[in-house]
Amino acid sequence: MSSHLIDCGILAKNQHGFRARLSCETQLVEAVHDWSSVLDRSGQVDIALLDFSKAFDKVPHRRLLSKLEYYGVQGKNVSWVKAFLSDRRQRVVVNGSQSDWCPVTSGVPQGSVLGPSLFLVYINDFVENLSSEIRLFADDSILYRDIVTEDDHRILQEDLHRLFYWSNIWQMSFNVQIHF
């Protein structure tokens, strides 16, 4: 599946998480380079840091499978992923007391080889239709824009609204903390 995603150029170019020769450092270097270029000419850049809340735990299995098929992962491969995600259950144990078993219908197994690729496929279209720059490392995003005119503030805000709309449709909420 990873080969298919790479060979077909499916993953967003600005996603640096879980990809060969990319890292949180490469994401940050690209962003800081962009910001420095703006500041060198005495410009202004507005930045929003975004983080999905419990991102890997919230990926709905059915929606993930539909995205895999959309990106061309089909046949035995998608059947294998479906089997990999199916019939999972969990319970809580506290001080020797146990809850009943519950089915797990969302989340990609963390610590698995396949989990990171499944997550990247699920959020891959997150960056579509944005006018501002965005850099991603797995579930962390930096959205920013060079502010030259008043319209630039509006465009950045519209991009934030687009991302919020995407997060609601695809059931991926953001951690909300405002820092100034």
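Two strands pair if DSSP finds at least two bridges between them. That matters for the hairpin of S6 and S7, where two residues sit between the strands and Ala138 takes a positive phi near 55 degrees.

This is a predicted model, with pLDDT of at least 70 needed for local features and 80 or more for side-chain atom pairs, while totals for chains, interfaces and linings use all residues. Residues are numbered from 1 along each chain as its sequence is written, and side-chain values use heavy atoms, with hydrogens and water left out.

**Overall layout**

The protein has seven helices and seven strands (DSSP runs numbered from the N terminus: H or I of at least four residues for helices, E of at least two for strands). The C-alpha trace spans about 60 × 45 × 30 Å along its principal axes.

**The sheet and its helix**

Strand S7 (residues 140-147) pairs with S6 in the antiparallel sense, using five bridges. Within the pair, Arg135 stands opposite Ile142 of S7. Both strands belong to an open sheet of three strands, ordered S1-S7-S6 with antiparallel pairing. S1 (44-51) and S6 (133-137) are at the edges with a single partner strand each, so each has one side left without a neighbour in the sheet. From one strand to the next, the twist averages 15 degrees (axes are lines fitted to C-alpha atoms, for helices over the stretch in contact, and angles run from 0 to 180 degrees between N-to-C directions).

Helix H2 (residues 24-40) packs on this sheet and touches S1, S6 and S7 (contact means heavy atoms within 4.5 Å). The direction of H2 makes about 10 degrees with that of S7.

**Where H4 meets H6**

Helix H4 (residues 61-70) packs against helix H6 (residues 115-123) at an angle of about 80 degrees, and their axes are 9 Å apart. On the H4 side, Arg63, Leu64, Lys67 and Leu68 make the contact; H6 brings Leu118, Val121 and Tyr122. By class, that contact has five nonpolar, no polar and two charged residues (Ala, Val, Leu, Ile, Met, Phe, Trp, Tyr, Cys and Pro are nonpolar; Asp, Glu, Lys and Arg are charged; the others, Gly among them, are polar).

On a 1 Å grid over the protein atoms alone, a cavity is a set of points where a 1.4 Å probe fits but cannot get out; a pocket is an open set with protein on both sides within 12 Å along at least five of seven lines; lining residues have an atom within 4 Å of a point. Points join across faces, edges and corners, and a volume is the space filled by probe spheres set on them.

| Space | Volume | Lining by class |
|---|---|---|
| Second largest pocket | about 240 Å³ | seven nonpolar, three polar, two charged residues |
| Largest cavity | about 40 Å³ | five nonpolar, two polar, no charged residues |

H1 (2-7) and H6 are the elements that give two or more residues to the lining of the second largest pocket. H1 gives the most, three residues. Among the lining residues of this pocket are Ser2, Leu5, Ile6, Phe18, Arg19, Arg21, Ser117 and Leu120.

As for cavities of 30 Å³ or more, the count is one. The largest cavity is lined by Ala12, Gln15, Leu120, Ile123, Asn124, Val127 and Leu136.
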